[in-house]
Amino acid sequence: MADNLPAEFDVVVVGTGLPESIIAAACARSGQRVLHVDSRNYYGGNWASFSFSGLLSWIKENQEKSESSDECEDWRKLILENEEVISLNKKDKTIEHVEAFCFGDQDSAKDVEEAGALPKLPVFGASGAEAIAQDPNKECPPLDSAVARAESCEPEKAASVDTASTVEENDTEVNCESEGSPSVSSSESALDLGKAEAPPSEVSAQEPKKIMYSQIVREGRRFNIDLVSKLLYSRGLLIDLLIKSNVSRYAEFKNATRILAFREGKVEQVPCSRADVFNSRQLTMVEKRMLMKFLTFCLDYEQHPDEFQDYKNSTFAQFLRTRKLTPSLQHFILHSIAMVSETDCGTVEGLQATRKFLQCLGRYGNTPFLFPLYGQGEIPQCFCRMCAVFGGIYCLRHSVQCLVVDKESGRCKAIIDHFGQRISANYFIVEDSYLSESVCRNVCYRQISRAVLITDQSVLKTDSEQQVSILTVPPVDLGQPAVCVIELCSSTMTCMKDTYLVHLTCPSTKTAREDLEPVVQKLFHLNTEAEKETENEELEKPRVLWAVYFNMRDSSGIDRNSYSSLPSNVYVCSGPDSALGNDCAVKQAETIFQEMFPTEEFCPPPPNPEDIIYDEDELASEESGLSNSPETKPEPSPEESSSRGSTAVNEHSEE
């Protein structure tokens, strides 16, 4: 039982989002005693991924917003005279304006059961139980809040499902899904990669298969739907950290195959590499030379300050107009390569963004981006697994009532959990969503508008159905944010066959539906099956089968001093930001770790197994079959591995 937890730790982490999970892993790796708790029944917080039924439960929970009551009424007796408390939230208030829509016949799915779903078991007295919506199709039975050493529970997937991720043993490798041969050359075009991955489907090229809502419900476990939509830059901080710490062995990745642009009402593919540029049919020979000349300049723009010094105070869009680039090239560079705002981004910032894009090309594929199989929610779990391997203790559905603060020193001494147990520690890491309104009264939060769609075909059809695409839709009105669209195919293990999972993200100006529905209407067909489609243009658009809109709090970039009465040894981790990459979370995690342990290395490489010295007790436990190693997913069958075209790409796989 979780009420038998040790009474003292070095570090207590509340929340299992990405920055908290990285900090927990780094602390455990440096030899600290770590307790990692979360009031939710799943890992990741707002970074989590859900099956379809799990997402329906999450939607229901956030629409109801019911308050929970304390399980332990007399916990205040544990507070001494020279101590005060900082109460923590029992309910997540970071999600607002949740609206879900089904564009099919929901009645047909009333009696449909999710394939492979496990029967729901009774909940045993954990305060986090309110986080589980009473959905009979919820695939993971609630487990009693318990001490789990070396545990990596993945509630949204069952071991019996044949979409299991492979654990590679090479210490310096990132498992990367490529679309064809074991080695992916940077000279291959994205279209060639797509062709090599799956044979062309003549049927789908003519007419997409009719997907019913009942099929989505039945195949709900095939979906892994991210709350936050991000990609990993192949030379970004997160990839470097995954390789350095060897956490990469717990995950697999797939190359993003296409960069798309939305111009003059049409979706086009953007040429990225040198080969793409010269193979492109949409650019004239003059445009190809213009583009290559400008991209070459961007790679070492700092060596030519005279070419941009006069435009430092101008926007990047204004600078592009001075470079003798055609309007189409300006559009591609601004929205699909640099991916920056037309009105708010300065020249130097735009050049930096363009250079970052170009430097990431060719490391693992023909685009700069990787996507983790089974969704973004895998990444926090990977770091949790590393923490558990090095002795961290995990408790899900284990809420914390308060922080206990010493009045004289102003430092936090302990937490009190929902069982009424007092647990002491030297440092405390708390996710922003757990802080009460009194602590956050001076904090100004931003919001992120999110939409998730299940569609029946790609926004840009090609011979290959298995494409991972990123598209930036520029704003209609200047000053409005651009919308980032990420389209995932079934080989990413995030949706069922013959469907696509589409994520839309932008900084909020209104509710998520008001911000994003105009873009959805431009790219997709929203009519229900009962309505007749008359226009040919509408027939060509992908049909939306199901959609959800919601606003998520963006707590990134908030100064520590904005929080009221925060003890010096309590550190706050933010939720997801609106950026495409994960650099903000990695920087935050490293900064907090170095403040706590300035002499320790942040997530150093793992020790060589041959150098590990075991004592007699450890050897005896291994011989008796006891192990602290985390539970891993079963190896996929040879047929499954071959169908996904898995390949291991290490940090030296550069051309």
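A residue counts as buried when its relative accessible area is under 20%, as exposed when that area is over 50%, and as partly exposed in between, with a 1.4 Å probe and protein chains only. The model is predicted: local features need pLDDT of at least 70, side-chain atom pairs count only at pLDDT 80 or more, and totals for chains, interfaces and linings use all residues. Residues are numbered from 1 along each chain as its sequence is written, and side-chain values use heavy atoms, with hydrogens and water left out.

**Overall**

- The protein has 655 residues, and 57% of them count as buried.
- It contains 17 helices and 25 strands, taken as DSSP runs numbered from the N terminus (helices H or I, at least four residues; strands E, at least two).
- Among contacts (heavy atoms within 4.5 Å) with a separation of 6 or more, 77% join residues 24 or more positions apart.
- Carbon and sulfur atoms hold 48% of an accessible surface of about 27,300 Å², computed by the Shrake-Rupley method with a 1.4 Å probe.

**Largest pocket**

- The largest pocket holds about 1,200 Å³ of space.
- Met339, Val340, Ser578, Ala579 and Leu580 are the closest to its centre among the 42 lining residues.
- A pocket is an open set of points on a 1 Å grid over the protein atoms alone, where a 1.4 Å probe fits and protein lies on both sides within 12 Å along at least five of seven lines; lining residues have an atom within 4 Å of a point.
- Grid points are joined across faces, edges and corners, and the volume is the space filled by probe spheres set on them.
- Two or more lining residues come from each of helix H11 (347-360), strands E19 (446-455), E21 (483-488) and E22 (500-507), and helix H15 (583-596).
- H11 gives the largest share of the lining, four residues.
- Domain 1 (8-93 + 374-444 + 555-596) and domain 2 (265-370) each supply at least three lining residues; the bounds come from an automatic or database domain assignment.
- The lining has 17 nonpolar, 16 polar and nine charged residues, where Ala, Val, Leu, Ile, Met, Phe, Trp, Tyr, Cys and Pro count as nonpolar, Asp, Glu, Lys and Arg as charged, and the others, Gly among them, as polar.

**Two residues**

- Thr492 lies in the loop between E21 and E22 and is buried, because its relative accessible area is 0%.
- Beyond its neighbours within four places in sequence, Thr492 contacts Lys254, Phe371, Leu373, Tyr374 and Val468.
- Arg289, in helix H8 (residues 285-299), is exposed, because its relative accessible area is 56%.
- Arg289 and Val277 are twelve residues apart in sequence, with their C-alpha atoms 9.0 Å apart.
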